[in-house]
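The sequence and structure come first.

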Protein chains: 2
Amino acid sequence: MSSQAPERTSDTDAAATPPSRRLSRRALFGGVGAGALAVGAGAALGRSTAPEPVVADAAEAVVPFRGVHQAGIVTPAQDRMHFVTFDVTTTSRDEIVAMLTKWTAMAERLTVGAESVPAGVVGGGQYEPPGDTGEAYGLMPSNLTLTIGFGPSFFDKFGLGDRRPAALQDLPRFPGDDLDPARSGGDIAVQACADDPQVAVHAIRNLARIAFGTASVRWSQLGFGRTASTSTAQATPRNLFGFKDGTNNIKAEDAATVDEHVWVNGGESDWMTGGTYLVARRIRMKIEPWDRAVLGEQERVIGRSKATGAPLGGTAEFDTVDLGSSTIAKDAHVRLASSESLGGIKILRRGYNFTDGSDGFGHLDAGLFFVAFCSDPQTQFVPMQQALARRDALNEYISHVGSAVFACPPGVPEGTEAYWGSTLFG
Amino acid sequence: MSSQAPERTSDTDAAATPPSRRLSRRALFGGVGAGALAVGAGAALGRSTAPEPVVADAAEAVVPFRGVHQAGIVTPAQDRMHFVTFDVTTTSRDEIVAMLTKWTAMAERLTVGAESVPAGVVGGGQYEPPGDTGEAYGLMPSNLTLTIGFGPSFFDKFGLGDRRPAALQDLPRFPGDDLDPARSGGDIAVQACADDPQVAVHAIRNLARIAFGTASVRWSQLGFGRTASTSTAQATPRNLFGFKDGTNNIKAEDAATVDEHVWVNGGESDWMTGGTYLVARRIRMKIEPWDRAVLGEQERVIGRSKATGAPLGGTAEFDTVDLGSSTIAKDAHVRLASSESLGGIKILRRGYNFTDGSDGFGHLDAGLFFVAFCSDPQTQFVPMQQALARRDALNEYISHVGSAVFACPPGVPEGTEAYWGSTLFG
């Protein structure tokens, strides 16, 4: 079996010339096909702070792994997600750097649809564990992105307390929070998004596998349907309350807004330049009471038409929300969550619907796994959630049951030896 | 708002002339489009016991709801699943019949991509709860099938103990079972399969919604990737151990085998003619130890090549498994599960991979949600599982943590007033 490393070409636009996953994965049984792996290295993300996103629905589509920023943030939201957090089980800087270096190489390979290591599924021979777990063999790249973040608890474990950004602090307790510690926190988070859930699960599972001895899974969450658009090319999806969600979300095409509200620019933590912060909230939706609420109540709570998504008093989804109008209630979600009500705060939402069985009391355990990116959670997410937690009419129907925050370092630039987090450790 | 009932045409091949889900759902805001709903009534399944299945990957594809048999059994396995069981909370025959009648009408509408009731999402007006929860509005039919079954506990609740088939009994405790009662049993099961998970979740959620007061959710399970092919037109997918799973599964095209091993023909329970039995087993896979097992061990346990799926000693996936060869271990899974080792027993497998977060001990809670259909679980599934539970080398790496069995009545024939289970109650 070949153990040839991926060769990278200079400037390919991966989205325009997708490789065949079927071919690349098959090639791995006989040795890595350098041609197949050359694609995906284009790094369109590497050259501008807010690239024109490409919505490529095809299973063959590859999102460039390398760039100034990590993928999976302004990338047009894929259909499915597997999100995981880890507790590190070492205090050795060498061990964690070794793991992050291995993860980076693996993530880059997985993104183009290759197996997780060059030896592939059976490359090690009969007397070694397979190099890849195999369940994604034959599946397409499916726009897989992998995005890493470090939690507040990560830094002290490696003597890096002085490098922890001021923006990265455990979130305060918000009114109404009903947090489960087993679904909260974590030293490291990895978000896998893809259009095929098995591709996302395979990626997380292989990262967890090679973390053995260095980090172990704390909690994980599958999301089956996106509830946000992060590109003007995407239609606004519906959440499990049946409403369009994220109409006024930041869109990747709006470079100035992305630069101002999403990416870290300077500040006291140089290593985070080009990075962002990820806030995750597992929001359980009380769907049975909601389903018994009359339409007028549902629309009053949200402040939008259920059918069209138009703000109440408007006629079309993207009509301006008229906060001067009493048609939109004082405690309507759309009013309180609006940038105007929040002194200009905007965040990039990128959440997913989830359903995790039932709660043992005859109800589906379902809701929204809220994921948002912002350049400073202390001045963006925290005041927003304080306003919502106190007054949002929607609180009657939801409950925040999990919470976490992470610093997502910048991307791994093209043509470098950088690894996930190398600006922190380097 | 119109409340026009679905009109059905006589002999349309729904798979060949799919409706536009986008159009049909949009039409519902202004009244039901009879044209959109006329499609899906073709009932290709209604006219032969083992039709040629059509693998239609397009999101517009509709699987006919009506037929001699229920859909979702020999239907080419869709990509995603939401499975739910209910406990009934009434002993009134009238109430349960009313619910089953409403469910049948709703299931038929959902299958063609319509909202769950004719009034649609907002048809009831401001002072009534919406007729549909709305999260699938704008989504395509996506090959949705809904399949119902009644558990052993169902019958006595309605004075129907004498109509409970002898074939329908709680499964015995098998060696190694580690069953969680909260993930086992149930009076009624509904299996929703679709190529879009949000469509499957929406269907289950709306059935659960209108069951309020009559039945409540006992447990539910999402499956993100099929692990079985039920048609010769489908490639064999891989399970979370990375192996092709279900190579020798019954295929719908093999009419004689389906008739013999899947459908109930005569017997002491006339009402089950054209029906089948569903066995569900939540099989937790110990993927971390598996991932550390060497390739030789993995292949010895399964009895097949990990790369190709070929039986050990063979060269291609569909090569005959040579049970006379010592290359395949005495306790290999493929040997013990083979029809030849089991005196001719065959079942139709239709399971899904699942990942449900983590187990709190640093492991992913992942595995196979095994679903199988057979004409008599007592003479098919039970002896098969007894052989596997005692001797299968795979037992070192798996644990059965949930279990249930259901009698699936025949389909709802074209042009009748029948409902799900009407042969039982009628």
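How many residues of chain A are in contact with chain B, and how many of chain B with chain A? In this predicted model, 54 residues of chain A contact 54 residues of chain B.

## Interface area

The area buried between chain A and chain B is about 4500 Å². Carbon and sulfur atoms give 61% of that area. Three residues, Arg205(A), Asp291(A) and Leu295(A), supply 13% of what chain A buries against chain B, more than any other three residues.

## Polar pairs across the interface

Between chain A and chain B there are 18 residue pairs in polar contact, counting pairs with both residues at pLDDT 80 or more. Two salt bridges are found across the interface of the chains. One of the salt bridges found in the model joins the side chains of Arg205(B) and Asp291(A), with an N to O distance of 2.8 Å. Side chains of opposite charge can pair when their charged atoms come close.

## Elements and composition

Which elements of chain A each supply at least two residues of the side that touches chain B? The helices are helix 4 (197-210), helix 6 (287-292) and helix 7 (295-302). The strands are strand 1 (80-88), strand 4 (215-223) and strand 8 (352-358). Strand 4 of chain A gives the largest share, six residues.

Sorted by class, the side of chain A that touches chain B consists of 23 nonpolar, 18 polar and 13 charged residues.

## Symmetry

What rotation superposes chain A on chain B? A rotation of 180 degrees does, with 0.0 Å of shift along its axis and an RMSD of 0.0 Å. This is therefore the relation of a two-fold axis.

Asp356(A) comes closest to the rotation axis among the residues of chain A, its C-alpha being at 3.4 Å. Both copies use the same surface, as 100% of the contact residues of chain A recur in chain B.

## Annotated spans of chain A

An unreviewed UniProt entry lists residues 70-224 of chain A as "domain: Dyp-type peroxidase N-terminal". This span, residues 70-224, is 21% helix and 20% strand, and its end C-alpha atoms lie 22 Å apart.

The unreviewed UniProt entry also lists residues 236-412 of chain A, as "domain: Dyp-type peroxidase C-terminal". Residues 236-412 are 20% helix and 23% strand, with end C-alpha atoms 30 Å apart.

## Salt bridges in the whole structure

Over all chains, the search finds 28 salt bridges. One of them is formed by the side chains of Arg66(A) and Glu108(A), at 2.8 Å from N to O. Arg66(A) lies in the loop between helix 2 (34-38) and strand 1 of chain A, whereas Glu108(A) lies in helix 3 (residues 93-111), so the pair ties together parts that are 42 residues apart in sequence.

How values were computed: Residues are numbered from 1 along each chain as its sequence is written. Chains are lettered from A and ligands numbered from 1 in the order in which they are written. This is a predicted model: local features need pLDDT of at least 70, side-chain atom pairs count only at pLDDT 80 or more; totals for chains, interfaces and linings use all residues. Side-chain values use heavy atoms; hydrogens and water are left out. Contact means heavy atoms within 4.5 Å. Buried area is the accessible area (1.4 Å probe) that two parts lose on being put together, summed over both. A salt bridge is a side-chain nitrogen of Lys or Arg within 4 Å of a carboxyl oxygen of Asp or Glu. A polar contact is a pair of N or O atoms within 3.5 Å; within protein, one must be able to donate a hydrogen and the other to accept it, and residues adjacent in sequence count only if both atoms are side-chain atoms. Helices (H or I, at least four residues) and strands (E, at least two) are DSSP runs, numbered from the N terminus. Ala, Val, Leu, Ile, Met, Phe, Trp, Tyr, Cys and Pro count as nonpolar, Asp, Glu, Lys and Arg as charged, and the others, Gly among them, as polar. Copies are superposed by least squares on the C-alpha atoms of residues with pLDDT of at least 70 in both. UniProt positions are given in the numbering used here, feature names are shortened, and annotations may be inferred rather than shown by experiment.
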